[in-house]
Amino acid sequence: MIKRNKEKGIEWLFTALAFSSLVFLTGIVIVLVKEALPIFSTVSLPAFLGGESWYPTAEPPEFGIFPLIMASFWVSAGAMLICVPLGVGSALYLHELAGERQRAVLKPVIEVLASVPSIIYGFFGMVILAPFLQDRFNLPIGLCVLSTSIVLGVMATPTVASIAEDALGYVPRSFREASFALGANRWETLTRVIIPAAGSGISTAVILGMSRAIGETMTVLMVAGGAAVVPSSIFDPVRPMTAAIAAEMGEAPVGSDHYHALFAVALALFIVTFAFNIIAELISRRYRLKLGLSR
Amino acid sequence: MKKIMTILLVLGFAAPALAGQKVVVEGSTTLLPIAQKAAEEFMKTEKDADISIRGGGSGVGIASLIDGACDIGDSSRPIKQGELDRAAKRGRKIKAHIVAMDGLSSIVHPSNTVGGLTKEQLKKIYTTRAANWKEFGGPDLKIVVVSRDSAGGTFEAFGELVLNKKNVRPDAIMQASNQGVVSIVARTPGAIGYVGLGYLSASVKAISVNGVMPSRETVLRGKYPVSRPLFMYTAGEPEGMVKKFIEFVKGPEGQKLVEEEGFVSLKK
């Protein structure tokens, strides 16, 4: 009897643990919405999202986050241009070409790259990459969209590589064998069979890499320059949403318009990354069905 | 049981007394290093004192002084009328103590030939899209404006002293610290920035404003236009440990620390 109770107890404990994430998520959403809503009595939603001036501490303050949204968009898009070829390329190499010994070295190395703290990437970007770009392209200043994209791209590469590699691994052996049996060579098998079969898994990898890039804070705070303008070229300094929140939250008086505006920025950011994750989940579900995997 | 409760209660009340008299100082990050050093030194001699220092910014410091959440509110700007009104509503009379002077020095890259600007020119560079150093007698180089992030006291002081509360141009590079401004200006030939006098170093070039170079003397004599007093505010006349601490900061030992931290001490 006691043993039975103990078992029940443990079962309950694990159920509670499993649901705790849900509690946290709900809590975060509630707090974000509650703290963000008051700002919309000061500015309208279109003026907030589309306004081009972000002067939260001026008199009167202006809360237009369009430059911040565009900044996040451009640096993430730039990062994608770097991490997708690098990440997917590494995954393909690891899966198709690398021998056992290379894999044994490369896979852990890529994973270590993922565990480097973001402030180290930021420091690298600020002290080495930005001055280098500044000299190379004769820029007024090296802290800009380009330098931020490069650093974010490198940061997101291991995420993409590791998930894409897993996706390739899920393609059943039989697919490859069937393709060879039909007389296809390795290249044809790779491009016509393996990549399409793993395609949605690879898309998931790309989308998760993107949400990693768009949510990154410390690096963009250090490397992006912080100017709240809609960038007109990749050499302009920018102020992504995360950087604005991080730089300003500490000094915004609790309960002020500025404070609520920052929560609204956070809410916008949350909605974007949440949407990315849902899309990734939907795609990967479709992919499992397509392959007849019931993992 | 009752006995235990009593003992606990007595202990509870006695503990703070044993730990000494608590003084909470909160506010300006500009004043933070001064307050911190001063508190350390002060507590070495005053064994009873228990001083805790928090940053948060000038506005936060004054707000929590009004709310009674701190004993001393540090501020790098004079208190505003609205804040005085709120304090009055709560029956508090705010008293100002100037503890040091701060000069905001405009800095450029050492290779820049411009040696000085007028306040009007500074304002023009910071608020309009003035693009080239040529316009100001310098090299043919794009101007890169570096500013402190909008939340700090230094940003506010610069805004009031130089920009007449006009907004900094949106394409200005924003840095979270004095150090950050110095390091960007030091490696960017076209950059201009502003920092506290104490952060001047050989890696950047200070320029004169209205023909006056920033220095201890010009700040103290009130000749240098971009300077400001740094305040410690108290609610009413300071008493006890609060009074002792403020007197320590304004006294010779405190003022020595002010100098060491790169600010301008009040006398000599």
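How far apart do the C-alpha centres of domain 1 of chain B and domain 2 of chain B lie? They lie 30 Å apart. Before I go on, the ground rules. This is a predicted model, where local features need pLDDT of at least 70 and side-chain atom pairs count only at pLDDT 80 or more, while totals for chains, interfaces and linings use all residues. Residues are numbered from 1 along each chain as its sequence is written, chains are lettered from A and ligands numbered from 1 in the order in which they are written, and side-chain values use heavy atoms, with hydrogens and water left out.

Back to chain B. Domain 1 covers 15-102 + 229-260, and domain 2 covers 105-220. Those bounds come from an automatic or database domain assignment. Each domain gives eight residues to the contact between them. Contact here means heavy atoms within 4.5 Å. The two domains bury about 640 Å², with carbon and sulfur atoms giving 45% of that. Buried area is the accessible area (1.4 Å probe) that two parts lose on being put together, summed over both. One salt bridge is counted between domain 1 and domain 2 of chain B. For that term, we want a side-chain nitrogen of Lys or Arg within 4 Å of a carboxyl oxygen of Asp or Glu. B:Arg216 and B:Glu259 form a salt bridge through their side chains, at 3.1 Å, N to O.

Now chain A. Its C-alpha atoms fill a box of roughly 75 × 70 × 30 Å along the principal axes. It has 11 helices and two strands. Those are DSSP runs, numbered from the N terminus: helices are H or I with at least four residues, strands are E with at least two. The order along the sequence is α-α-β-β-α-α-α-α-α-α-α-α-α.

Over all chains, the structure holds 19 salt bridges. One of them joins A:Arg103 and A:Glu165, with the closest N and O atoms 2.9 Å apart. A:Arg103 sits in helix H4 (residues 100-115) and A:Glu165 in helix H6 (residues 145-170), so this pair ties together parts of chain A that are 62 residues apart in sequence. As a reminder, side chains of opposite charge can pair when their charged atoms come close.

Next, chain against chain. The contact takes 24 residues from chain B and 22 from chain A. Together they bury about 1800 Å², 55% of it on carbon and sulfur atoms.

We use a 1 Å grid over the protein atoms alone. A cavity is a set of points where a 1.4 Å probe fits but cannot get out. A pocket is an open set with protein on both sides within 12 Å along at least five of seven lines. Lining residues have an atom within 4 Å of a point. Points are joined across faces, edges and corners, and a volume is the space filled by probe spheres set on them.

The largest pocket has a volume of about 1200 Å³. It has 49 lining residues, and the closest to its centre are A:Pro56, A:Thr57, A:Glu59, B:Lys80 and B:Glu156. H6(B) gives the largest share of this lining, five residues. Domain 1 and domain 2 of chain B each supply at least three residues to the lining of the largest pocket. By class, that lining has 18 nonpolar, 15 polar and 16 charged residues. Nonpolar is Ala, Val, Leu, Ile, Met, Phe, Trp, Tyr, Cys and Pro; charged is Asp, Glu, Lys and Arg; the others, Gly among them, are polar.

The second largest pocket holds about 350 Å³. Of its 17 lining residues, the closest to the centre are A:Asp236, A:Pro237, B:Arg129, B:Lys142 and B:Asp171. This lining divides into 11 nonpolar, one polar and five charged residues.

Last, the cavity. The structure holds one of 30 Å³ or more. Helix H5 (118-136) of chain A and helix H7 (178-187) of chain B each supply at least two lining residues to the largest cavity. Among the residues lining the largest cavity are A:Gln134, A:Leu143, B:Ile184 and B:Arg187.
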